[in-house]
Amino acid sequence: MHGRPRKVYKPEEEAASAAKAVKFRSLQSQFLSNHHNKIYTKEAIDLSTKLLEINPEAYTAWNYRKLAVEDTLSRQESDPDLVKSVLDEELKVVESSLKQNVKSYGAWHHRKWVLSKGHSSVGNELRLLNEFQTLDSRNFHAWNYRRFVVELTNRSKHDELKYTEFMIGNNISNYSAWHNRSVLLSSLLERKADGFMPSQKIPEEYELVHNAIFTDEDVQSGWFYHLWLLDQTVNVETPLLISSWPPHGSRINLSRAGCLNDSSSSSKLTTFPLILYFDQAVGGVSSSTVAIDSELKGIEDLVWEPVSNKNSQVSCVWVARLKYMSSEPCFFPKEYKVKVRIGNSPGIVSSRGFNFSVPYEFVFTARVEDTVQEEPREVIVSWTDGFDIWDAQSEDLKNLVNLDQLNGQMDFKWRQEAIAEEIDLFRTLPDSNSKIGKLTIARLLMAKATMSENDVKGVHYEEILKLYNDLMALDSTHYHYYKDEHSVALLRKVTSSTESLSRHLFRYSDMNNSVCLRLNNSSLSRIASVEKLLFVQMLDLSHNELHSTEGLEAMQLLSCLNLSHNRIRSFSALDSLRHLKQLRVLDVSHNHIGEHSVDTTRYLCSSPLSNSEWSQDEVGRRMTPSLVTKYWDAYFVLRDLNLKQLDIAGNVVAGEEFSSFVPQVVPTLVWLNGHKLRS
């Protein structure tokens, strides 16, 4: 195990081992009899001690001893001396077991349990820990137990921080000491203890880790700690609103038929989505924490819902369907100002427990026009014709696209300075082909680009992309990780300015000049920067290397999506699309769906065979239950979509049987694989 060769035992050693096994089985048989019969005599407890001397990992024996202690204490609680002697005996048994196997989970857990009974001596516990940490300074069991003792006895975290520095000084490759330091600092920085303001302490920590990295560049523990420090530098504890739809200052056209001239409804009461995109998952978004002021009728009692594939009540993306009542039929459009205020009332809280404390408001204009809509034509959407390039200077484009993050009130000065210093330092590494060095510079440049002005971002992204290309060539073992990071950097570059984004934006004339973003043939393996793409209605991601659609759930205006010629292996990988209520056209042709007989990605969704909510009566009236069972992952994704056009050709699954099943699941479907299903 862990690269150690298997030991070849001598005959006399094998004989001794066999005798030990016979003794153990005999003791175990007697012990289990005592355990089952709840015998807690001194002789029975001594028997369990002998069993643990042979095998400290005998969990049942440790649990038995807990029951025995509880039984003794229940009868002798009034005698403190007896209680102390019983608990002292348990501590001795644990110590003896740990000397035999210092990594015994059962022994360490039992010692925690004894201490939790109120019997502890800080001096004795630290003596024991020092003894074991001298033998193995990286033993994570001992470090974990040390944190437990510190919390239990309210030992000074400042003292513990000094201890980690001492241990790191003795051995810079001590992963456990670095980790313990990060745990201690996280707590101190979070509550901003005296002398632990992030703007002061984090730069000091960079100095400490530089000593380790530049002492021995090949020791990875320091690099891992540096990565943790970078996260502390970049990530802000307080949740921030970084994007919204509609964006501030925009003007959107609404008709009686719905949002942005969408013709999916004909009732007087119509809807369009309001989208809030936070930098981290938050909860508590509601009509009490988000106020909307407008003369537009029908916006009362707005319901905010988290957009999450995990059915969670916390999410980065929150959506409300703003129902509005259009004016009485008239020949002239009417404009309404809509003001959205967030965070003026408490209640929005991150998943880590931090309050949204940077109130923000944005205002947009809704232009409502009662129009007589023609019956929509059932024409197949083409991804090859009808696209017009969008001028980067177009007022329409500027009206829709707002690439500035909404975190202007945050002070990034010390963070930017710290990252700039790190970049300058790591450029001096003697080994220009150091993989960890290149990766660190790429991460630092990405952090700098995130907090930089638009006019210099492009320069950073060019270097980042080159670094990840170098890493893919140097380190094939981690190729897919570098590929994903390269994709993130490329999408950040595309969305870094209106000019760069406009090169990929088009108008699709056959669908009321819908906004189309074309990122086909971009070698993308991961989706990112969707917070800057909330306005997109058509998205072409064909001829890439995507394995899933994770992230697209935020793009609530999306009506057409092209995912052909990617590496999608199952319908479960399309699970995020269930949240796109306006999606009408989906192309997943020429992927790998159904190609793999055993595909673990299918288990992202629960099988209907084990889902209590599914029943044959529910679907039997309009589809074949056996097909639902066979294609359950497709059923759970497609049943929530109101598609009119679907292309699945070129996938192994796209046989006659499945093609006959799809229209049963999606009754709104008109076109399947380019063929019209009904007139």
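I take a contact to mean heavy atoms within 4.5 Å. With that settled, here are my notes.

**Entry 1: ground rules**

I am looking at a predicted model, so I kept local features to pLDDT of at least 70 and side-chain atom pairs to pLDDT 80 or more, while totals for chains, interfaces and linings use all residues. Residues are numbered from 1 along each chain as its sequence is written, and side-chain values use heavy atoms, with hydrogens and water left out.

**Entry 2: the whole protein**

I looked up the secondary structure and found 21 helices and 19 strands. Both are DSSP runs numbered from the N terminus: helices are H or I with at least four residues, strands are E with at least two. Of the 679 residues, 50% count as buried. My cut-offs are under 20% relative accessible area for buried, over 50% for exposed, and partly exposed in between (1.4 Å probe, protein chains only). The protein exposes about 33800 Å², and carbon and sulfur atoms supply 49% of that. The areas come from the Shrake-Rupley method with a 1.4 Å probe, and for residues only the protein chains shown count as cover. I also checked contacts between residues at least 6 apart in sequence: 68% of them join residues at least 24 apart.

**Entry 3: serine 487**

Which residues does serine 487 touch, leaving aside those up to four places away in sequence? I found Ser523, Leu524, Ser525 and Arg526. Serine 487 sits in helix α16 (residues 479-494), and its relative accessibility of 0% makes it buried.

**Entry 4: sheets**

A reminder to myself: strands of a sheet pair through backbone hydrogen bonds, either parallel or antiparallel. I count two strands as paired if DSSP finds at least two bridges between them.

The open sheet I traced has 9 strands in the order β11-β12-β13-β14-β15-β16-β17-β18-β19, with mixed pairing. Its edges are β11 (387-389) and β19 (675-676); each has a single partner strand, so one side of each is left without a neighbour in the sheet. Inside this order, β14 (residues 538-540) and β15 (residues 560-562) pair in the parallel sense over 3 bridges. Aspartate 540 stands opposite asparagine 562 in β15.

I then moved to β8 (residues 334-342), which runs antiparallel to β5 (residues 290-294) and is joined to that strand by 5 bridges. Here aspartate 293 stands opposite lysine 339. β8 also pairs with β10 (residues 360-369), again in the antiparallel sense, over 9 bridges. In that pairing tyrosine 336 faces alanine 366.

**Entry 5: helix α4**

Is lysine 92 buried or exposed? Lysine 92 is exposed, with a relative accessible area of 57%, and its place is in helix α4 (residues 80-100). Its C-alpha atom is 9.6 Å from that of arginine 111, 19 residues apart along the chain.

My rule for a salt bridge is a side-chain nitrogen of Lys or Arg within 4 Å of a carboxyl oxygen of Asp or Glu. Lysine 99 is exposed at 53% relative accessibility, whereas glutamate 95 is buried at 15%.

How many salt bridges does the rule give? The count comes to 30.

I picked out glutamate 165 with arginine 181, whose closest N and O atoms are 3.8 Å apart. Glutamate 165 lies in helix α8 (residues 157-170) and arginine 181 in helix α9 (residues 175-190), so the pair ties together parts that are 16 residues apart in sequence. Glutamate 165 is partly exposed at 42%, while arginine 181 is buried at 2%. Salt bridges that share partners join Glu165, Arg181, Lys201, Glu204 and Glu205 into one network.

I also noted aspartate 575 with arginine 578, at 2.6 Å between the closest N and O atoms. Both of these residues are buried.

Phenylalanine 140 lies in helix α7 (residues 140-153) and is partly exposed, with a relative accessible area of 46%.
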